[in-house]
Amino acid sequence: MGDVTLDVSGLVSGYGRMPVLHGVDMTITASDKPGLIGPNGHGKTTFFRTISGLNRAWEGTVRFMGEDITNRPAAQIMRLGLVHAPQGNTLFREMSVEENLLLGGFAPRARAVHKTTLEQVFELFPRLAERRRQSARTLSGGERQMVAISCGLMALPKLLVLDEPTLGLSPKLKMELRDAIAKIVESGVQTMIVEQDPEFLSTLTTRLFFMSEGRIEADIGDGQSLEHSRIREMYFGVA
Ligand SMILES: Nc1ncnc2c1ncn2[C@@H]1O[C@H](COP(=O)(O)OP(=O)(O)OP(=O)(O)O)[C@@H](O)[C@H]1O
């Protein structure tokens, strides 16, 4: 087991008085390529919002790179390198692609090298280079998603969280994004991908966490598969 990137223990959180996470435990080491799957509405987004400081943890601890970050301010957690990429529909619509990207790399550590990072992002997504002066409002859904992922990269993540990056995209665009995400993973940026489609995740991850009803129900390591009957039953409705 290598260095621990993320260590979450007994995490409880929710909205109002209603708990959504019922004690999430998750440990990720530097050599893992992690993914998270699970049915709609079972707490995946709430989990990432809570570890990123956007929702309050009611109980439990979150350690990132050895540091206790439980309930720290979101901006501080992002500066430490735990970066939750935004969704494509939350970009600044009237700003250009480049302006949105520069906002992603606003923190001092990232700002110091933002020109280089910007060029790397444009290499990864040549389409964005062509549209760098175009306003986000005029982009297609897939292009917006590319900008959103790139905003995360601009922050120089040590762990990049991509929450359903291909939601609503056509199969062709989904493949295109998968190839780009594969390049990000290969470049050594540890990336946690949340997706509904286990097949999409299979080529990008070596470790899959299965979330159900606010808990991690299964942790499937390299070489194991989704043949686990309980998961098949929960996810696909067949045993
Ligand atoms: N802002 C909110 N206020 C109240 N309840 C919320 C809020 N956001 C999410 N919830 C509820 O919390 C539960 C978990 O939602 P969450 O978005 O974390 O699930 P998810 O697994 O990410 O789902 P999906 O795959 O559909 O995005 C759901 O029942 C949802 O209705």
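Modeller: Here is a walk through the sheets, the helices, the ligand and a few loop residues. This is a predicted model, where local features need pLDDT of at least 70, side-chain atom pairs count only at pLDDT 80 or more, and totals for chains, interfaces and linings use all residues. Residues are numbered from 1 along each chain as its sequence is written.

Biologist: S7 and S8: parallel or antiparallel?

Modeller: Parallel, over five bridges, with S7 covering residues 159–163 and S8 residues 190–194. Leu 159 has Gln 190 in S8 as its bridge partner.

Biologist: OK, and the four-strand sheet, what's its order?

Modeller: S2-S1-S4-S5, open and antiparallel. S2 and strand S5 (67–68) are at its edges with a single partner strand each, so one side of each has no neighbour in the sheet.

Biologist: How many bridges hold S1 and S2?

Modeller: Nine, in the antiparallel sense, between S1 (residues 4–15) and S2 (residues 18–29). Those two strands form a hairpin with two residues between them, and Gly 16 in the turn has a positive phi of about 60°. Tyr 15 stands opposite Met 18 in S2. S1 also pairs with strand S4 (residues 59–64), antiparallel over five bridges, and there Val 12 has Glu 59 as its bridge partner.

Biologist: Switching to the ligand. Which residues are around it?

Modeller: Tyr 15, Val 20, Gly 38, Asn 40, Gly 41, His 42, Gly 43, Lys 44, Thr 45 and Thr 46. The cut-off is a C-beta atom, placed from the backbone, within 6 Å of the molecule. H1 gives the most to that shell, with three residues.

Biologist: How many are nonpolar, polar and charged?

Modeller: Two nonpolar, seven polar and one charged. In that scheme Ala, Val, Leu, Ile, Met, Phe, Trp, Tyr, Cys and Pro count as nonpolar, Asp, Glu, Lys and Arg as charged, and the others, Gly among them, as polar.

Biologist: Now H5. Which of its residues are buried?

Modeller: In helix H5 (residues 114–124), Thr 117, Leu 118, Val 121 and Leu 124. They cover an arc of only 120° around the axis, which puts them on the same side of H5; the arc is that of the directions from the helix axis to the C-beta atoms. Lys 115, Thr 116, Glu 119 and Glu 123 are exposed on the other side. Buried means 20 or more other C-beta atoms within 10 Å of the residue's own, exposed 12 or fewer, and partly exposed in between, with C-beta atoms placed from the backbone.

Biologist: What covers that buried side?

Modeller: The cover includes helix H3 (97–104), helix H4 (108–111), helix H6 (126–130), helix H7 (141–154) and helix H8 (171–186).

Biologist: And which residues of H3 are buried?

Modeller: Val 97, Asn 100, Leu 101 and Gly 104. Their arc is only 100° around the axis, which puts them on the same side of H3. They pack against H5, H6 and H7.

Biologist: Last one: where is Leu 156, and is it buried or exposed?

Modeller: Leu 156 is in the loop between H7 and S7. Leu 156 is buried, with 22 other C-beta atoms within 10 Å, and has a positive phi of about 55° although it is not a glycine.

Conventions. Two strands pair if DSSP finds at least two bridges between them. Two residues are in contact if their C-beta atoms, placed from the backbone, lie within 7 Å.
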